[in-house]
Amino acid sequence: MQVTAIREAECPQCGNRTSIPVPVRSDDRTSARLGTRFGERRSVTCSNGHSYWVSL
Ligand SMILES: [Zn+2]
């Protein structure tokens, strides 16, 4: 079963915060882990149209 966590990113140009859904693996019984590898990045576009990369 896949769960989605929400992270917030702040635009470096205007400071607007954008919510990013991040997949979380729940197959680990002790703790949920982010479903992304360390260092993975995602492209985000803020509400003012600025595109930037966010490290997950
Ligand atoms: Zn922006």
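Start by selecting Arg-42 and colouring its contacts: beyond the neighbours within four places in sequence, Arg-42 is in contact with Ile-20, Trp-53, Val-54 and Leu-56. Contact here means that the C-beta atoms of two residues, placed from the backbone, lie within 7 Å. This is a predicted model, in which local features need pLDDT of at least 70 and side-chain atom pairs count only at pLDDT 80 or more, while totals for chains, interfaces and linings use all residues. To find your way, note that residues are numbered from 1 along each chain as its sequence is written.

Arg-42 sits in strand E4 (residues 41-45). Strands (E, at least two residues) and helices (H or I, at least four) are DSSP runs, numbered from the N terminus. Is Arg-42 buried or partly exposed? Arg-42 counts as partly exposed because it has 15 C-beta neighbours inside 10 Å. The classes work like this: 20 or more other C-beta atoms within 10 Å of a residue's own make it buried, 12 or fewer make it exposed, and anything in between is partly exposed, with C-beta atoms placed from the backbone. Now draw a distance from Arg-42 to Ser-55: they are 13 residues apart along the chain, and their C-alpha atoms are separated by 6.5 Å.

Next, pick Trp-53, which belongs to strand E5 (residues 51-55). Leaving out neighbours within four places in sequence, Trp-53 is in contact with Arg-41, Arg-42 and Ser-43. From Trp-53 to Arg-41 the C-alpha distance is 6.2 Å, across 12 residues of sequence. Trp-53 has 10 C-beta neighbours inside 10 Å, so it counts as exposed.

Move on to Ile-20, in strand E2. Its contacts, again leaving aside neighbours within four places in sequence, are Arg-7, Ala-9, Arg-42, Val-44 and Val-54. Ile-20 counts as partly exposed because 16 C-beta neighbours lie inside 10 Å.

Now show E1 and E2 together. Strand E1 (residues 2-10) and strand E2 (residues 17-25) run antiparallel, joined by nine bridges; two strands pair if DSSP finds at least two bridges between them. Look across the pair and you will find Ala-5 opposite Val-22 and Glu-10 opposite Arg-17. Six residues lie between the strands of this hairpin, and Gly-15 takes a positive phi near 80°. E1 lies largely in the open, because the number buried among its nine residues is zero.

Finally, zoom out. The protein has zero helices and five strands, in the order β-β-β-β-β from the N terminus on. Of its 56 residues, 0% count as buried. Among contacts with a separation of 6 or more, 29% come from residues 24 or more positions apart.

Colour by pLDDT, the predictor's confidence in each residue from 0 to 100. The average is 82, and 75% of the residues score at least 70. Where is confidence lowest, and where is it highest? It is lowest in strand E3 (residues 33-34), at a mean of 61, and highest in E5, at 92. Where pLDDT is low, the predicted coordinates should not be read in detail.
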